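Please look over the sequence and the model before reading on.

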Amino acid sequence: MAELQYTYEPQKTSETILYVENLKVYFPLRRSIMDVLRGRPRLNVKAVDGVSFDVRKGEVLALAGESGCGKTTTGKSILRLTPITSGVIGYLPSKKLIEELNSIPGVNKLTQDGHVDLNSIPEKFFKPFRAEIQMIWQDPFGSLNPRRTIYEILEEPLDIHNVGSTREERYDLIAKMLEAVKLTPPEDFMYRYPHMLSGGQRQRIVIARALILNPTLVVADEPVSMLDVSIRAEILQLMMDLKKKLGLTYVFITHDLALARYIANRIAIMYLGKIVELGDARRVIETPFHPYTKALVEAIPEPDPERRHVIKELPIKGEVPSPVNVPSGCRFHPRCVVLDQRPELAELCTKKEPPLVEVERGRYVACWLYAKPK
Amino acid sequence: MSEKLLEVRGLKTYFYTLKGVVKAVDGVDFELNKGESLGIAGESGCGKSTLAFSIIRLVPAPGRIVDGQISFMGKNVLDLSEEDFRRNVRWKGISMIFQGAMNALNPVYTIGDQISEIMIIHRNYTKKEALEEAKKLLEMVGIDPRRVKSYPHELSGGMKQRVVIAMALALRPPLVIADEPTTALDVVVQAQIMNLLKKLKNELGISIILISHDLSLIAEIADKVAIMYGGKIAELGLSEHIYLNPKHPYTQGLLGSIPRLKGEIRDLTWIPGVPPDLSNPPPGCRFAPRCKYASEKCNREPPVIEIERGHYVACWLYA
């Protein structure tokens with residue numbers, strides 16, 4: 001049996017469709033002219049501050065955490081929708097795309113299995129990647145153009161990527177896609193406008209639009225959080241059915257841990273731009289190790305009438321600090337209640353950033369309670 | 001010991017829009033005892049917020065309360081004149097924590113000013129007295145009283161929510177209506193706010209009506225739960241009745257669709273279809289078009305059955 005890893009390293013095998021290594025995304029803050037003259041340093045919002053993970057073919061990886069933890073920024077940088085500061089996003093393209101890539105100069109293959117660094121591809125050659133990596137957006141009310149019919153919305157990706165040579169061919173593709181997301185009969189929906197559909201139906205259109213180009217990897221950013229609870233399960237079931245049918249891989253961004261437990265294979269819990277815990281979704285949520293994950297799980301309400309009789313104090317203090325001035329050492333230490341009980345750790349926690357150590361096979365935690373300093 | 005605080009009978013609030021009459025609240029009955037808390041749950045558009053606005057008589061135009069009775073401490077408040085209601089009932093008797101409360105604060109006044117305004121208007125306090133009282137209120141909701149001089153933008157979302165709660169409690173009303181008090185807040189902050197509401201309920205003995213789409217959140221505080229669907233109450237009972245022994249197919253559907261944190265992972269269920277258009281609701285039981293048990297009978301208005309003591313269901317299955 002191999003030894004447990006001291007610091008997490010993403011897997012880079014032929015089964016790894018995507019890996020992210022030490023990703024940093026900083027957004028610079030504006031400096032006033034006086035700040036420049038006084039020579040004040042440029043400040044950054046450290047939205048993502050050193051994140052590594054891998055996504056295996058056919059799995060659902062959940063990125064979870066509170067708002068502002070960097071989960072959406074991480075998702076967007078996979079699609080190159082936001083410029084990254086540093087780090088590597090290695091993607092394993094389809095065979096067809098690999099052949100195409102061989103003719104492009106300056107593309108560096110990262111691994112022997114053919115991962116390429118998405119950020120090394122010049123913009124003009126990036127288009128075929130956009131067909132393979134797609135996004136499902138959160139807000140079905142904001143992400144569909146109100147002036148276009150459903151047909152036009154679904155035709156646009158085909159148009160851009162030159163899929164289907166004739167009108168009839170495209171019509172068939174669109175009709176099939178609408179059937180796949182269970183909007184039947186498709187003719188009834190094609191010529192409607194988004195406002196004529198319910199929230200759930202609109203989200204099906206958003207899913208159809210993401211899947212119509214036959215992607216391999218789909219980043220879903222809170223795909224059901226805007227929907228009523230009673231129909232969420234229906235959309236999730238649809239997403240899971242399509243995943244099986246089309247052989248998709250999902251990166252599922254969510255703040256809802258209970259939901260992640262149902263659909264994700266693995267989960268990465270993020271706090272202030274870093275992954276604090278990574279592992280099998282059920283195990284992480286049912287027996288969390290990191291003090292932050294513990295607090296997060298405690299905080300989730302459950303439909304249990306007994307809960308009204310007790311007031312359970314949360315094992316967390318204070319509020320999320322600003323991502324501009326990230327606390328030194330472990331970025332969770334100012335809010336950590338375990339640190340209060342274990343003052344001997346203070347030196348370590350306040351000064352040194354904890355590594356993401358493997359504590360059980362496949363289970364990683366970034367906390368000095370579980371790691372020995374090297 | 002159970003003293004009746006609020007009694008709503010046959011309440012109907014309609015919106016007279018250009019496209020027709022929207023029956024947002026269409027015949028709602030419930031009662032609430034002193035110190036008790038009630039959760040009102042339902043999907044978006046089921047009329048739960050309109051019900052809240054009706055109780056505090058703030059239904060926005062073109063909406064109107066067209067029928068029914070709202071008795072608060074034994075008086076029908078719908079008979080009062082607007083001025084009388086404003087002076088004596090709204091905020092003194094019934095106050096409200098508004099939805100999206102974080103944006104309910106005025107950005108150009110300090111929070112101290114905004115809290116004291118209530119006392120200056122309703123209690124004729126001087127500005128100085130009112131500020132002192134505002135400090136006490138802030139302390140009560142867990143904010144450093146020195147923060148009275150802060151502007152809303154200087155506070156985090158959770159703190160703004162606490163300020164709005166402090167404002168609702170300013171006149172120590174016996175009943176507070178909280179309309180989705182934690183939307184847009186993260187789970188950790190949400191749990192802290194719920195803990196605060198629970199503490200205030202226990203310490204001050206106030207009644208709370210919590211309105212939310214989230215049945216899990218309602219379980220945190222509610223003694224009684226009303227499930228609303230299409231402007232009517234589908235099921236009403238003690239928390240134990242609703243969560244452990246749900247009878248209405250809609251309640252069962254809602255509970256089946258909530259992912260749980262613990263226990264075995266069973267397939268989540270969902271309710272097919274969409275909520276009814278309240279300007280043209282289906283005849284009879286409004287849930288019938290989405291109900292898997294629907295039969296001929298459901299074309300007629302379902303009777304309200306008391307299935308066990310204090311547990312009411314509006315469904316033909318039990319008639």
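How many residues does the contact take from chain A and from chain B?

## Contact between the chains

The contact takes 39 residues from chain A and 46 residues from chain B, where contact means heavy atoms within 4.5 Å. The model is predicted: local features need pLDDT of at least 70 and side-chain atom pairs count only at pLDDT 80 or more, while totals for chains, interfaces and linings use all residues. Residues are numbered from 1 along each chain as its sequence is written, chains are lettered from A and ligands numbered from 1 in the order in which they are written, and side-chain values use heavy atoms, with hydrogens and water left out.

About 3900 Å² is buried between chain A and chain B, with carbon and sulfur atoms giving 58% of that area. Buried area is the accessible area (1.4 Å probe) that two parts lose on being put together, summed over both. Y262(A), P303(A) and R308(A) supply 19% of the area that chain A buries against chain B, more than any other three residues.

## Polar and charged pairs

Five salt bridges are counted between chain A and chain B; a salt bridge is a side-chain nitrogen of Lys or Arg within 4 Å of a carboxyl oxygen of Asp or Glu. R308(A) and D223(B) meet through their side chains in a salt bridge, at 2.9 Å from N to O. There are also 19 residue pairs in polar contact between chain A and chain B, both residues being at pLDDT 80 or more. A polar contact is a pair of N or O atoms within 3.5 Å; within protein, one must be able to donate a hydrogen and the other to accept it, and residues adjacent in sequence count only if both atoms are side-chain atoms.

On the side of chain A that touches chain B, the elements giving two or more residues are α9 (229-246), α10 (257-263), α11 (281-286) and α12 (291-299). The largest share, six residues, comes from α9(A). Helices (H or I, at least four residues) and strands (E, at least two) are DSSP runs, numbered from the N terminus. By class, this side of chain A has 18 nonpolar, six polar and 15 charged residues. Ala, Val, Leu, Ile, Met, Phe, Trp, Tyr, Cys and Pro count as nonpolar, Asp, Glu, Lys and Arg as charged, and the others, Gly among them, as polar.

## Strands of chain B

In chain B, four strands form an open antiparallel sheet in the order β2-β1-β4-β5; two strands pair if DSSP finds at least two bridges between them. The edge strands are β2 and β5 (75-76), each pairing on one side only.

β1(B) (residues 4-17) runs antiparallel to β2(B) (residues 20-33), and 11 bridges join them. These two strands form a hairpin with two residues between them. L6(B) stands opposite L32(B), and Y14(B) stands opposite K23(B). Eight bridges join β1(B) to the antiparallel β4(B) (residues 63-72), where I65(B) is the bridge partner of T13(B).

## A hairpin in chain A

Chain A has 14 helices and 12 strands. Three bridges join β11(A) (residues 357-360) to the antiparallel β12(A) (residues 363-365), and V357(A) has V365(A) as its bridge partner. The two strands form a hairpin with two residues between them, and G362(A) in the turn has a positive phi of about 75°.
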